[in-house]
Amino acid sequence: AIGCIPYTNISLFLSWFLRWVMGISGGIAFLLLLMGGFQILTSKGDPDKIKNAKEIITAAITGLVLLAFSVFVLRVLGVDVLKLIR
């Protein structure tokens, strides 16, 4: 289901693992965005439900931004500074 796991090289394994983690995290954030939007659509004007849905959407967007920054930092540190991947 998840394909071959490269055990032979630690950099290949970490690259494979991080790719899966980032994909799953992005999928969860997307589902949270959908859930927050659905809650807003079905809130019937209730301010508490709208506030809760806005908090879910804000948390999902914050998670996506942190995910993007973490990928950027890992690339800069791992590839450019430490030269772990050639």
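**Figure 1. Ala53, a buried residue of helix H2.** In this predicted model, Ala53 has a relative accessibility of 0% and therefore counts as buried, the limit being under 20%. Ala53 belongs to helix H2. Leaving aside neighbours within four places in sequence, Ala53 is in contact with Gly36, Gln39 and Ile40. Gly36, Gln39 and Ile40 are among the residues of H1 that meet H2. The view also includes Met35, which stands 18 residues from Ala53 along the chain, with 7.9 Å between the two C-alpha atoms.

**Figure 2. The pairing of helices H1 and H2.** Two packed helices are described by the angle between their axes and the distance between the axes. Here the axes of H1 and H2 come within 8 Å and cross at roughly 160°. That angle makes H1 roughly antiparallel to H2, because angles over 145 degrees are placed in this class. The crossing of the two helices is left-handed. On the H1 side, the residues that meet H2 include Leu18, Met22, Ser25, Gly26, Ala29, Leu32 and Leu33. On the H2 side, those that meet H1 include Ile56, Ile57, Ala60, Ile61, Leu64, Leu67 and Ser70.

**Figure 3. Helix H1 and its buried residues.** Helix H1 covers residues 10–41. H1 has 32 residues, and the distance from its first C-alpha to its last is 46 Å, close to the 46 Å expected at 1.5 Å a residue. The buried residues of H1 are Trp16, Met22, Ala29 and Gly36. H2 is included in what covers these buried residues.

**Figure 4. Helix H2 and its buried residues.** Helix H2 covers residues 47–81. H2 has 35 residues and reaches 49 Å from its first C-alpha to its last, close to the 51 Å expected at 1.5 Å a residue. Which residues of H2 are buried? They are Ala53, Ile56, Ile57, Ala60, Leu67 and Gly78. What covers them includes H1. After H2 comes Lys83, whose phi is positive, near 55°.

**Figure 5. Leu33, a partly exposed residue of H1.** Leu33 is found in helix H1. Its relative accessibility is 27%, so Leu33 counts as partly exposed. Apart from residues up to four places away in sequence, Leu33 touches Ile57, Ala60, Ile61 and Leu64. Ile57 and Ala60 are among the buried residues of H2. Leu33 and Ile50 are 17 residues apart in sequence, and 13 Å separates their C-alpha atoms.

**Figure 6. Leu67, a buried residue of H2.** Leu67 lies in helix H2. With a relative accessibility of 18%, Leu67 counts as buried, because the limit is under 20%. Not counting residues up to four places away in sequence, Leu67 touches Met22, Ser25 and Gly26. Cys4 is 63 residues from Leu67 along the chain, and their C-alpha atoms are separated by 25 Å.

**Figure 7. Ser43 in the loop between H1 and H2.** Ser43 lies in the loop that joins helix H1 to helix H2. Is Ser43 buried or exposed? At 4% relative accessibility, Ser43 counts as buried. The side chain of Ser43 reaches the backbone oxygen of Ile40 at 3.0 Å. Leaving aside neighbours within four places in sequence, Ser43 is in contact with Lys49 and Ile50.

**Figure 8. Lys44 in the loop between H1 and H2.** Lys44 also has its place in the loop between H1 and H2. At 84% relative accessibility, Lys44 counts as exposed, whereas Ser43, at 4%, counts as buried. Most residues other than glycine have a negative phi. Phi of Lys44, however, is positive, near 55°.

**Figure 9. Ile50 in helix H2.** Ile50 is placed in helix H2. Its relative accessible area is 25%, so Ile50 is partly exposed. Not counting residues up to four places away in sequence, Ile50 touches Ser43 and Gly45. Gln39 is 11 residues from Ile50 along the chain, and 7.2 Å separates their C-alpha atoms.

Technical notes: Residues numbered from 1 in each chain as written. Predicted model: local features only at pLDDT ≥ 70, side-chain atom pairs only at ≥ 80, totals over all residues. Heavy atoms only, no water. Helix = DSSP H or I, 4+ residues; strand = E, 2+ residues; numbered from the N terminus. Buried < 20%, exposed > 50% of the residue type's maximum accessible area, 1.4 Å probe, protein only. Polar contact = N/O pair within 3.5 Å; in protein donor to acceptor, adjacent residues only side chain to side chain. Contact = heavy atoms within 4.5 Å. Expected span 1.5 Å × (residues − 1). Axes fitted to C-alpha atoms, helices over the stretch in contact; angles between N-to-C directions. Parallel < 35°, antiparallel > 145°, perpendicular 65-115°, else oblique. Left-handed = near helix turned anticlockwise from the far one by under 90°.
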